[in-house]
Amino acid sequence: PIYVRRLWVEDQQDYFQRAAERDEKRLRRINTCGRLLVCCALSVATALLIFVARQWWLGVPLHGILTKFEYERKDVPVILVDITLAGAALLHNYANGTAYREHVKQYKRMEGIFAEVSKMLSTTADPAISWQCVKRLGEEALRESADWVLLHRERPLDVPHP
């Protein structure tokens with residue numbers, strides 16, 4: 001059991017810990033970029049709203065506010081808002097499609113299981129209990145692999161159609 005603990009249980013525990021940290025970092029990066037894009041869109045929309053309200057307050061008729069600009073310039077803020085919101089939506093969809101959040105939960109759960117078994121294997125002296133524990137851990141590892149496959153079968157890769 002000492003080799004099983006060192007070469008399988010502890011290695012798997014380390015793997016699940018690293019994988020959880022990696023996917024958590026990726027998810028955090030994606031969410032931060034999405035929030036920045038939404039903030040950018042809100043900032044541009046707010047600036048445009050303030051500009052229109054200011055012009056209206058100064059007495060410029062509403063139909064004359066935007067006609068003061070050349071055609072190309074007055075659509076730039078609206079296009080920028082649309083692009084940034086579309087980018088945020090794409091990032092959100094990407095994060096859901098890659099299932100990073102589900103991976104992190106699954107990896108942390110498995111890391112905890114492997115840590116408990118490692119602790120138990122290092123403290124118990126009875127080989128029968130140790131092998132029973134290793135057998136149950138193997139069954140749990142197989143269930144985790146099956147859950148991973150099912151998770152990815154539910155999220156097939158979608159290629160956008162033109």
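**Figure 1. Asp-23 and Arg-26 stand three residues apart in helix H1, which means that about one helical turn separates them.** The model shown is predicted. Asp-23 and Arg-26 form a salt bridge in which the closest N and O atoms are 3.6 Å apart. Asp-23 is buried, with a relative accessible area of 1%, whereas Arg-26 is partly exposed at 33%.

**Figure 2. Glu-140 and Arg-143 pair within helix H5.** The two residues are three places apart in this helix, or about one helical turn. An α-helix has 3.6 residues a turn, so residues three or four places apart point the same way. The salt bridge between Arg-143 and Glu-140 has its closest N and O atoms 3.1 Å apart. Arg-143 is partly exposed, with a relative accessible area of 46%.

**Figure 3. A salt bridge joins the side chains of Glu-140 and Arg-109.** The N to O distance is 2.9 Å. Glu-140 belongs to helix H5 (residues 127-154) and Arg-109 to helix H4, so the pair ties together parts that are 31 residues apart in sequence. Glu-140 is buried at 15% relative accessible area, while Arg-109 is partly exposed at 37%. In the whole structure, a search finds eight salt bridges.

**Figure 4. Helix H4 covers residues 100-123.** At 1.5 Å a residue, its 24 residues should span 34 Å, and the end C-alpha atoms are 34 Å apart, which agrees. Its buried residues include Tyr-100, Tyr-107, Phe-114 and Leu-121.

**Figure 5. Ile-2, Tyr-3 and Leu-7 make a nonpolar surface patch.** The patch has an area of about 360 Å². Ile-2 lies in helix H1 (residues 2-57) and counts as partly exposed, at 46% relative accessibility.

Conventions: Residues are numbered from 1 along each chain as its sequence is written. This is a predicted model: local features need pLDDT of at least 70, side-chain atom pairs count only at pLDDT 80 or more; totals for chains, interfaces and linings use all residues. Side-chain values use heavy atoms; hydrogens and water are left out. Helices (H or I, at least four residues) and strands (E, at least two) are DSSP runs, numbered from the N terminus. The expected span of a helix is 1.5 Å times one less than its number of residues. Buried means under 20% relative accessible area, exposed over 50%, partly exposed in between (1.4 Å probe, protein chains only). Patches are made of residues with over 30% relative accessible area and no salt bridge: like charges are joined within 9 Å, nonpolar side chains (Val, Leu, Ile, Met, Phe, Trp, Tyr) within 5 Å. Accessible areas come from the Shrake-Rupley method with a 1.4 Å probe; for residues, only the protein chains shown count as cover. A salt bridge is a side-chain nitrogen of Lys or Arg within 4 Å of a carboxyl oxygen of Asp or Glu.
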